[in-house]
There are 2 protein chains.
Amino acid sequence: MSRRQQILDTAAELFAQRGFHGVSVADLGAACGMSGPALYKHFAGKDAVLAEMLVSISRWLLDGGRAAAAAHTDPDDVLAALVDHHVGFALEHRALIVVQDRDWSSLPDAAREEVRTLQLAYVEIWAEQLCRRGPSMTRDRARAAAHAAFGLINSTPHSGLLPDDDMRTLLTGMALAALGG
Amino acid sequence: MSRRQQILDTAAELFAQRGFHGVSVADLGAACGMSGPALYKHFAGKDAVLAEMLVSISRWLLDGGRAAAAAHTDPDDVLAALVDHHVGFALEHRALIVVQDRDWSSLPDAAREEVRTLQLAYVEIWAEQLCRRGPSMTRDRARAAAHAAFGLINSTPHSGLLPDDDMRTLLTGMALAALGG
DNA sequence: CGGCTCGGTTAACGATCGCTAACCTTGGCG
DNA sequence: CGCCAAGGTTAGCGATCGTTAACCGAGCCG
């Protein structure tokens, strides 16, 4: 594993535990086995670590969403694939999920705008499928429902009680039920 | 409105936007119309503001949960009342909801322990009702399901698109469906 | 009136932060 | 060998933070 990746992984864990502002560069360096300013050999600054982290996961989420939408035609099938993809991500990257909606506001302006755009596009994929299932669903209601489903699925990190497999089936079932499948 | 309460309300809003560590005492004072250290005439410190905020909302949530459990006998009815109570709280105190699961870790030790205890008791109320509905639900699964429902309901602040009434019916319906009512 | 409390001010202290500078060591290579 | 780039180190700078200290005006009350 490259040093860059080690820093990103460690930072995700620390940021998830104590928040972006609650982790110093010295903390982060120490957790990586080096001390303090060595981090600047790999990143332009503390902000840049957060930015790379959040932009890349937003891109990954959106790409998976697009793939799910392209792989099926029936909106129910697309939604099932979307839930699957999102649940898998949340289980595999619990720390990133926490950081994403906690420290979003600490991003530098450019990165924050990029993340915002990516997330909006991702929400639109969900909302479109929800609207395709029937005319009773307005676009805003669909967007709000998508956010609610994200909240449900993203609750994973807050309850580490179940083995991953059980958690996956529980969350998938609850999310699909909530979305009225 | 007392000065204390004004500080608490303003702090909830600011903490929700920028995080506990992202708001300085000077910021908080300025937002209240005074400047900086005047805050110490009302609170022992910045920590104490966060502590009072989170302890009081945890207590309020738990009290409402207990009332809901005492008001009905059928577990489905209790769950409906719990969802109602939680949705109402989330809609009325969006900022507090954000702060609670973002800045929980910034609490001083004593307050963090108290909040943890209160929240655990609250989760148990939900979990017990879920278990009472059938033997197929293990206790850990019930706890995880409760957390997932919280995540769903607490997504409110992230999507301010719908009027409160529409949001309330949407979230209530989704939460009950997710819980398998 | 005299004094006390309450709620505010500004100044300043010590700690910590992100970041830069200067230096050192190691490995690959012409 | 000589050199350079990569990836570390420590020292230290400037800014900002939470907090305290010292002071002050308004209002209440004996």
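Reply: Start with a term. A helix here is a DSSP run of H or I with at least four residues, numbered from the N terminus. Ala81(A) is found in one of these, helix H4 (residues 75–92) of chain A. Keep in mind that this is a predicted model.

Me: What makes Ala81(A) buried or exposed?

Reply: Buried means under 20% relative accessible area. Ala81(A) has 17%, so Ala81(A) is buried. Beyond four places in sequence, Ala81(A) touches Ala68(A) and His72(A). Ala67(A) is 14 residues away along the chain, and the two C-alpha atoms are separated by 9.1 Å.

Me: Why is Asp77(A) called partly exposed?

Reply: Partly exposed covers the range between the buried limit of 20% and the exposed limit of 50%. Asp77(A) has 39% relative accessibility, so it counts as partly exposed. Asp77(A) also lies in helix H4 of chain A. Between Asp77(A) and Gln129(A) there are 52 residues in sequence and 9.5 Å in space, C-alpha to C-alpha.

Me: Which elements make up chain A?

Reply: Chain A has eight helices and zero strands. From the N terminus on, the order is α-α-α-α-α-α-α-α.

Me: What else describes chain A as a whole?

Reply: Of its 181 residues, 51% count as buried. Take contacts in chain A with a separation of 6 or more: residues 24 or more positions apart account for 68% of them. The accessible surface comes to about 8000 Å², and 52% of that belongs to carbon and sulfur atoms. Chain A carries 17 positive and 22 negative side chains. The centres of those two sets lie 5 Å apart.

Me: Why is Val99(A) called buried?

Reply: The limit is under 20%. Val99(A) is at 0% relative accessibility, so it counts as buried. Its place is in helix H5 (residues 94–102) of chain A. Leaving out residues up to four places away, Val99(A) touches Ala12(A), Phe15(A), Ala16(A), Leu50(A), Met53(A), Leu54(A) and Trp104(A). Leu50(A) is 49 residues from Val99(A) along the chain, with the C-alpha atoms separated by 8.8 Å.

Me: What makes Ser155(A) buried, and where is it found?

Reply: Ser155(A) is in the loop between helix H7 (139–153) and helix H8 (164–178) of chain A. Its relative accessible area is 2%, under the 20% limit, so Ser155(A) is buried. Among the residues it touches beyond four places in sequence are Leu171(A) and, from chain B, His147(B), Ala148(B) and Gly151(B).

Me: Why does Ala149(A) count as buried?

Reply: Ala149(A) has 2% relative accessibility, under 20%, so it counts as buried. Ala149(A) lies in helix H7 of chain A. Setting aside neighbours within four places, it is in contact with Trp126(A), Leu179(A) and Met174(B). Ala149(A) and Arg4(A) are 145 residues apart in sequence and 33 Å apart in space, C-alpha to C-alpha.

Me: What covers the buried residues of H7(B)?

Reply: The cover includes H7 and H8 of chain A. Helices H4 (75–92), H6 (109–132) and H8 (164–178) of chain B also contribute. Among the buried residues are Ala148(B), Phe150(B), Gly151(B) and Leu152(B).

Me: What about helix H1 of chain B?

Reply: H1(B), residues 3–18, has 16 residues and reaches 22 Å, close to the expected 22 Å. Its buried residues include Ile7(B), Leu8(B), Leu14(B) and Phe15(B). Their cover includes helices H2 (25–31), H3 (46–71) and H5 (94–102) of chain B. Gly19(B) follows H1(B), with a positive phi near 85°.

Technical notes:
Residues are numbered from 1 along each chain as its sequence is written. Chains are lettered from A and ligands numbered from 1 in the order in which they are written. This is a predicted model: local features need pLDDT of at least 70, side-chain atom pairs count only at pLDDT 80 or more; totals for chains, interfaces and linings use all residues. Side-chain values use heavy atoms; hydrogens and water are left out. Helices (H or I, at least four residues) and strands (E, at least two) are DSSP runs, numbered from the N terminus. Buried means under 20% relative accessible area, exposed over 50%, partly exposed in between (1.4 Å probe, protein chains only). Contact means heavy atoms within 4.5 Å. Accessible areas come from the Shrake-Rupley method with a 1.4 Å probe; for residues, only the protein chains shown count as cover. Lys and Arg count as positive and Asp and Glu as negative; His and the chain ends are not counted. The place of a charge is taken as NZ of Lys, CZ of Arg, CG of Asp or CD of Glu. The expected span of a helix is 1.5 Å times one less than its number of residues.
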